[in-house]
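This report concerns the arrangement of aromatic rings in one protein model. The sequence and coordinates are shown below for reference.

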Amino acid sequence: MKLFSVIILSVIFTGATVGQSRTDLDAQRKRTLEEIKYVDELLKATEKARHESLNAVSIIGKKLVLRESVISGMRQEISLLSERIDMNSVAIDMMEDDLVALRNDYAGTILNSYRKRKGFPEILYIISAKDFNQGYKRLKYLQQAGKYRRREAETIIELKSQIENSKLKLQEDLFKISDLKNKEELQKQMLESEQQKKQRMVSSLSNKEKQLKKELEEKRKKAKKIEAEIAKIIAEEKRRSIKAAESPEQKLIGENFAENKGRLPWPVERGLITSRFGIQTNPVLKYVKEENIGIEITSSGKVAARSVFKGTVTTVSPIQGSNMTVIIKHGKYFTVYNNIVNVKVKPGDVVATKQYIGEVFSDPANNNNCVLEFMIYDTKFQDPESWIANN
């Protein structure tokens, strides 16, 4: 009986834990597939324009990472289900052994009771007592013996029901594993097709190495110019801050900004990070290294740029070849939004978190994709990905 209770609790606990983990994995898979759908929308423009670009290679590279994530999640689900199947199989075997033992014990109890009643009926057993007290005790004994037999019968019924339920769960889990394996195979085929597509794009761009190197050099010069101008603007703001003591409100904003590291909203509602912070290897020319002071987020359609935290607009400045740059101060921190058009703020404006500050430029030379360059500065440029929330 005690062993039976332990087994029941073990099966229920294991099932709940695995179920919860699978629910999380299933929700994650749905989110990832939604993101893959969004990536496909970005790639459609590239296919229509029949124009390969480094940005397009980065986008399809992101898609490959997401697809691999889906496959990895499915494997984890299969592993969890296999674990539960093994646990339930062991539990079923143990419960069936318990059921045999309980049935044998119950049969023995019934047979023994029958023999006693046949040779010495219960009523005679009670009235043959020496006195009233002994008769009362014999009556109570017989009642308790009857209750015990009923409890044994109920335990056998409950155990049979639990075994049947466990066998049904086992069959359901086997079906889920089969379904997941089929879906995993389909994802693998799609991944292989996408890998080939990326390779074709890389090969096509590699054949234009001279042109590509020229474009990269122009991009590098432009980036250096932007970096120098932004650094100059921020340095000027820093000098002003030193001359004018930071107000308690500005100090509090800066502290709150720092406390929200890893939880800041994105500077656009939706997009893909297509260029990361720091030294990065070019996706086509592997021997070429690029150093980025921020990240690039690619989106499509009409894309609004928004402040990632409350603060004060310090700068709205045109940078040649890069449209407008908006810089917002958050205490001792600065956020930089580059490649903006239709700017809706001006220096001195106090902005709220997620406030609209302008539109990201839609570039006809880049399949009409919108690429926002986003930076965070304290005493030096920092990796924005470590500051914004995991999208």
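The sections below treat the chain as a whole and then its aromatic pairs.

## Overall architecture

The model is predicted. The protein chain contains six helices and 13 strands. Of its 391 residues, 41% count as buried.

Among contacts between residues at least 6 apart in sequence, 75% join residues at least 24 apart.

## Aromatic pairs

The count of aromatic pairs comes to six. One of them joins Y337 and F374, with ring centres 5.4 Å apart and planes at 50°. Stacked pairs require planes under 30 degrees apart and edge-to-face pairs over 60, so the Y337 and F374 pair is tilted.

This pair links distant parts of the chain: Y337 belongs to strand β8 (residues 333–341) and F374 to strand β12 (residues 369–377), 37 residues apart. Since buried means under 20% relative accessible area, Y337 is buried at 0%. F374 likewise counts as buried, at 1% relative accessibility.

For Y377 and F381, the ring centres lie 5.0 Å apart and the planes stand at 70°, so this pair is edge-to-face. Y377 and F381 are both buried.

## Ring cluster

Which residues do ring pairs link into a cluster? The cluster consists of F257, F309, Y333 and W387.

Definitions and conventions:
Residues numbered from 1 in each chain as written. Predicted model: local features only at pLDDT ≥ 70, side-chain atom pairs only at ≥ 80, totals over all residues. Heavy atoms only, no water. Phe/Tyr/Trp six-rings, centres within 6.5 Å; stacked < 30°, edge-to-face > 60°. Helix = DSSP H or I, 4+ residues; strand = E, 2+ residues; numbered from the N terminus. Buried < 20%, exposed > 50% of the residue type's maximum accessible area, 1.4 Å probe, protein only. Contact = heavy atoms within 4.5 Å.
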